[in-house]
Amino acid sequence: MNDAPHAPTPLEAEIRRRIEAAGPMPVSEYMGLCLSHPQYGYYVTRDPLGARGDFITAPEVSQMFGELIGIWMSAVWKQMGAPSRVRIVELGPGRGTLMKDAMRAAQVVPAFRAAVVLDLVEISPVLREQQQQTLASTKIETRWYESIRDVPDGPAIIVANEFFDAIPISQAVRAEDGWHERCVGIGEDGRFAFVLAPEPMKHIDVLLPKAAREAPIDSIFEWRSDNAAIDLGRRVTQGSAALVIDYGHSETDFGDTLQAVGKHAYADPLREPGEVDLTAHVDFEPLTRAVELMGAKGYGPITQSRLLRALGIETRAATLKAKATRAQAAEVDLALARLVGIGRTGMGDLFKAAAYVASTLPPPPAFEP
């Protein structure tokens, strides 16, 4: 970590005032302010993607990712009975790259492409403008919304790639007398520091896994609000389907996964709030539980590698390489390794995919038993 003195960011000054007035704030409140403060929030003020940004998502790695999602959506549309009008809803669409690639691939199913209306759920004015530019060439009717709750009714296919990891998490730490909420306060050196709420949390047992009773002292447990998952499940039950891709774990476990990324490097989540991206691993177990509580059927999670291989990424890569220069073919190989590979440089194992469909629909592609 870089401990050199730095000028406080505008958001840092705002958070400091709140802490001085009301005491330490829960990690969830701190993370929410860092990402979504209406003036200084990270996602509100910038385009964080790509080589010039702070991180790169799968759609920015290769066109193959979005193309395969487009093929997946066209197949699900057929499973839905090929409605004459279908809303393609993307939660947190980034630069619009995924959807642009998906709609290009969808041209192989003209009836599906003609049925599509694009509904993008995006809070960032900066990214909305970028999405509008990216998607202008598709000539598809596109509208923007603050929340999935605002998207009009009707058959929908929903895609959420790296969306849930940015929803603020709460954290609790086990102490001798119980689980205490983890907060952000001001340390003795005057900097932000993690501290524990003085009193143990009541009713936290309903959130904790069975192994919580044996969890060692200082264990950290994370959870998110179910609101976004419930909204997703409610929409899916209306004859719709959803694909969620994110990094995380299949079953609830302990551990601190809160992380900050800035300029393609890990950073201190308590330094320069509003200037770095904060995320945490997605726990697919409670996510699926909340979606299914609304009446939807859940499938997976499976690894991103398994999803993309099942959708034919190796065949698509071979097709691209057949028309490419030697340098371009090498880039395709690198992108393929990044998307489906395992280990530190690969996304294939760390990232998971889950599908959710209305109870009347069959298992979607790549999720068949």
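Is D101 buried or exposed? With a relative accessible area of 8%, D101 is buried in this predicted model, and the close-up views below begin with its surroundings.

View 1. Whereas D101 is buried, R104 is partly exposed, with a relative accessible area of 33%. Through shared partners, salt bridges join E67, D101, R104 and R316 into one network.

**View 2. E60 and R95 form a salt bridge between distant parts of the chain.** The N to O distance is 3.8 Å, and the partners are 35 residues apart, with E60 in helix α4 (residues 58-61) and R95 in the loop between β2 (86-91) and α6 (97-105). E60 counts as partly exposed at 24% relative accessibility, and R95 also counts as partly exposed, at 22%.

**View 3. A salt bridge links two loops through E141 and R85.** The closest N and O atoms of this pair are 3.8 Å apart. Because E141 lies in the loop between α8 (125-135) and β4 (142-145) and R85 in the loop between α5 (63-79) and β2, the pair ties together parts that are 56 residues apart in sequence. E141 is partly exposed at 34% relative accessibility, as is R85 at 42%.

**View 4. Three strands form an open antiparallel sheet in the order β12-β11-β13.** The edge strands, β12 (265-267) and β13 (277-279), each pair on one side only, and the twist averages 40 degrees from one strand to the next. Three bridges join β11 (residues 259-262) to β13, where D277 is the bridge partner of V261.

Conventions
Residues numbered from 1 in each chain as written. Predicted model: local features only at pLDDT ≥ 70, side-chain atom pairs only at ≥ 80, totals over all residues. Heavy atoms only, no water. Pairing = 2+ DSSP bridges. Helix = DSSP H or I, 4+ residues; strand = E, 2+ residues; numbered from the N terminus. Axes fitted to C-alpha atoms, helices over the stretch in contact; angles between N-to-C directions. Salt bridge = Lys/Arg side-chain N within 4 Å of Asp/Glu carboxyl O. Buried < 20%, exposed > 50% of the residue type's maximum accessible area, 1.4 Å probe, protein only.
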